[in-house]
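Subject: Structure handover

Hello,

Here is the structure you asked for.

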Amino acid sequence: MNRGSLSLVTQMGLPKFSYCISGRDAGGVLLLGGAATPWLGPLQYTPLVTATTSSPYFDRVAYTVQLEGIKVSENLLQLPKSVFVPDHTGAGQTMVDSGTQFTFLLGSVYSALKEEFVAQTKGVLTRIEDPNFVFQGAMDLCYREPVNVAAVPAVTLVFEGAEMRVSRERLLYRVRKGSDWVHCFTFGNSDLLGIEAYVIGHHHQQNVWMEFDLVKSRVGFTETTCELASQRLGLSP
């Protein structure tokens with residue numbers, strides 16, 4: 001579903017497409033083209049970004065937006081805006097990717113987010129102090145059960161003109177650690193994967209209506225449920 005010449009969207013010449021990724025193993029919606037969706041809440045829009053010059057690390061076929069900041073609860077991380085802007089090599093772009101599961105941030109930003117999240121969850125969550133346990137090679141912040149997700153502060157991704165709030169089950173992912181179940185923070189360090197980019201994965205897009213308007217060159221989104229989307233579009237059995 002990228003902007004490459006072999007993409008279905010490109011080959012069909014679609015001006016717009018939308019999807020909703022369910023939080024369950026099955027279900028979800030893919031809408032090719034436009035359709036009336038009055039049952040959705042108002043969408044927040046952020047511009048799509050394209051490279052103006054050739055850069056070795058800038059992925060031109062990805063859907064790229066401009067990340068401007070990150071909040072934990074209502075606390076904006078104190079980071080220079082320059083850390084979110086691609087450099088002269090193209091490293092540091094922010095890609096919206098339905099093919100990647102979790103969200104990955106460049107090392108310095110990930111470290112700042114991790115530090116603030118740990119500070120705000122002190123006394124609420126019990127952290128696992130095991131340097132040898134790194135989920136999927138990039139997610140090193142995990143917690144012991146029980147976990148009350150309702151008491152965990154939300155993380156908000158701040159884009160140009162829009163904000164995406166990540167909370168509850170989308171923020172902590174339950175995985176096995178030996179014979180135990182643990183909950184890992186669903187943001188990872190892209191430096192550990194050798195990725196010179198910010199990647200917004202599909203886990204943080206769950207039950208979010210995502211609209212890619214290629215004519216107006218923008219991405220819109222709003223929280224919903226995929227079950228509701230299926231029903232209103234007449235796709236449910």
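Predicted model: local features only at pLDDT ≥ 70, side-chain atom pairs only at ≥ 80, totals over all residues.

Disulfides

The count comes to two disulfides. With bonded cysteines counted along the chain, their pattern is 1-4, 2-3.

One of them joins cysteine 20 to cysteine 226, with an S to S distance of 2.2 Å. Cysteine 20 belongs to strand β1 (residues 16–20) and cysteine 226 to helix α3 (residues 226–232), so this bond ties together parts that are 206 residues apart in sequence. The torsion about the S-S bond of cysteine 20 and cysteine 226 is about -90°, so the disulfide is left-handed. Both ends are buried: cysteine 20 has a relative accessible area of 2%, and cysteine 226 is at 1%. The cut-off behind that word is under 20% relative accessible area.

Cysteine 142 and cysteine 184 also form a disulfide, with their sulfur atoms 2.0 Å apart. This pair links distant parts of the chain, 42 residues apart: cysteine 142 is in strand β9 (residues 142–144) and cysteine 184 is in strand β13 (residues 180–185). About the S-S bond of cysteine 142 and cysteine 184 the torsion is about 100°, so the disulfide is right-handed. Cysteine 142 and cysteine 184 are buried.

Salt bridges

Side chains of opposite charge can pair when their charged atoms come close. The count here is eight salt bridges, and the notes describe some of them.

Arginine 174 and glutamate 145 meet through their side chains in a salt bridge, at 2.7 Å from N to O. Arginine 174 sits in strand β12 (residues 172–177), while glutamate 145 sits in the loop between β9 and β10 (155–159); the two are 29 residues apart, and the pair links distant parts of the chain. Arginine 174 is partly exposed, with a relative accessible area of 40%. Glutamate 145 is partly exposed as well, at 38%.

Aspartate 213 forms a salt bridge with arginine 218, and the closest N and O atoms are 3.7 Å apart. Aspartate 213 is buried, with a relative accessible area of 4%, whereas arginine 218 counts as partly exposed at 22%. Elsewhere, salt bridges that share partners join Lys71, Glu74 and Glu163 into one network.

Largest pocket

The largest pocket has a volume of about 490 Å³. Its lining is made up of 20 residues, and those that lie nearest its centre are Gly23, Glu169, Arg170, His203 and Gln206. Strand β12, which also holds arginine 174, gives the most to the lining of the largest pocket, with three residues. By class, the lining of the largest pocket divides into three nonpolar, ten polar and seven charged residues.

Regards

Technical notes:
Residues numbered from 1 in each chain as written. Heavy atoms only, no water. Disulfide = S-S within 2.5 Å. Helix = DSSP H or I, 4+ residues; strand = E, 2+ residues; numbered from the N terminus. Buried < 20%, exposed > 50% of the residue type's maximum accessible area, 1.4 Å probe, protein only. Salt bridge = Lys/Arg side-chain N within 4 Å of Asp/Glu carboxyl O. 1 Å grid on protein atoms, 1.4 Å probe; cavity = no way out; pocket = protein on both sides within 12 Å on 5 of 7 lines; lining within 4 Å. Points joined across faces, edges and corners; volume = space filled by probe spheres on them. Nonpolar A, V, L, I, M, F, W, Y, C, P; charged D, E, K, R; others polar.
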